[in-house]
Amino acid sequence: MMSSLVAFVGAAFLIAMVPGPSTAVILRRSVMHGRVNGMATVLGNECGVLLWGLAAAFGLSALLLASRLAYDAMRITGAVVLVYMGARALWKARHKDEADDEPAPAAAVSHGRAFRQGLITNFANPKAGVFAVSFLPQFVPHGAPVLATLVLFSVIWAVVDMIWYLPMVWLAGRARALLQRASIRRRMEQVSGLVLLGLGIRLAAES
C-alpha cells in the first residue's frame, strides 16, 4: 500500500504541473485581486478536483467514457464557461478608465466569486473526469478496498494539487505589487482574456 501511495503522490504532482484552464484562472485572480482571492480560487478548484475524484470512486465519471453525448455536453459547457470568462476579461480591460491609475478597492473583490470561478472552471472540464476515472484506479493495490482507497486518493489528489498552487499564488501576489498601474492591469486583463478564450475555443474544437 505504501509503495502505491508514494507512486500516486509523485504522479499527482506531475499532473498538477501541467498548465491548463485552472492555472490561467488562478494566476489571473491572484495577480488582479491578490493572494487571498487567488487562494479562494484554488480552494474552489480543489473542490472540483475532489468532486471528480469522488465521482470516479463511485463510478459516475465512467458515464463520460460510456456516453459521447454526456462528454460532448460537458465539453461544450466547459468551453462556454472559458469563453465567457475570457470575453469578460477583455471587456473589463477595454472599459477601464485609462486615466485611473489607482488599484481597485479591496471591498470590491469577491472571494466567494473567486471560489465559484475555480470550482466551475475545474468541474466544467470533462477531461478532468475522464482523467480521474482513468488515472486513480491504476494505483489501487491488489486486495485493497477499492472504494475506500479511491476516496483516499481523491483527497490526496486535491491536497497535492493545492500544494502545487500555493507558491504560484504567493509569487503572483508578489508580482501584483508591481502591476498596480491601470495601464499594466489592463494589459494583464487582455492577456488573460485571450488565454481563456483560446483555451475555450480549443476545448470546443476537440473531438
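This is a predicted model: local features need pLDDT of at least 70, side-chain atom pairs count only at pLDDT 80 or more; totals for chains, interfaces and linings use all residues.
Me: How many helices and strands does the protein have?

Reply: Look for DSSP runs, numbered from the N terminus (helices: H or I, at least four residues; strands: E, at least two). Here you get 9 helices and 0 strands. Walk along the sequence and the pattern reads α-α-α-α-α-α-α-α-α.

Me: Back to Phe8, then. Which residues is Phe8 in contact with, leaving aside its neighbours within four places in sequence?

Reply: A contact is a pair with heavy atoms within 4.5 Å. With those neighbours set aside, Phe8 is in contact with Phe135, Leu136, Phe139, Phe153, Ile156 and Trp157. Across the protein, take the contacts between residues at least 6 apart in sequence: 87% of them join residues at least 24 apart.

Me: Which residues touch the most other members of the largest nonpolar core?

Reply: In soluble globular proteins, nonpolar side chains tend to be buried together. A nonpolar core is a set of buried Ala, Val, Leu, Ile, Met, Phe, Trp, Tyr and Cys residues joined through side-chain atoms within 4.5 Å. The largest one here has 21 residues, and those touching the most other members are Phe8, Phe135, Leu136, Phe139, Phe153 and Trp157. At least two residues of this core come from each of helix H1 (2–16), helix H3 (35–57), helix H7 (126–135) and helix H8 (146–176). H8 gives the largest share, 6 residues. There's also a second, separate core of 8 residues, with Val25, Val81, Leu82 and Leu199 among them.

Me: How many aromatic pairs does the structure hold?

Reply: Rings of Phe, Tyr and Trp (its six-membered ring) pair if their centres lie within 6.5 Å; planes under 30 degrees apart count as stacked, over 60 as edge-to-face and the rest as tilted. This structure holds 2 such pairs. The ring centres of Phe8 and Phe139 are 5.5 Å apart with planes at 75°, so that pair is edge-to-face. Phe8 is in helix H1 and Phe139 in the loop between H7 and H8, 131 residues apart, which makes this a link between distant parts of the chain. Phe139, at 15% relative accessibility, counts as buried. Phe8 also pairs with Phe153, and that pair is stacked, with 4.4 Å centre to centre and 15° between the planes. Phe153 sits in helix H8, so this pair ties Phe8's helix H1 to a part 145 residues away in sequence. Phe153 is buried too, with a relative accessible area of 0%.

Me: Which residues form one aromatic cluster?

Reply: Phe8, Phe139 and Phe153 do.

Me: Can we try Ala132? Where is Ala132?

Reply: Ala132 is in helix H7, and it's buried, with a relative accessible area of 0%. Leaving aside neighbours within four places in sequence, Ala132 is in contact with Trp52, Ala56, Pro137 and Trp157.

Terms used:
Residues are numbered from 1 along each chain as its sequence is written. Side-chain values use heavy atoms; hydrogens and water are left out. Buried means under 20% relative accessible area, exposed over 50%, partly exposed in between (1.4 Å probe, protein chains only).
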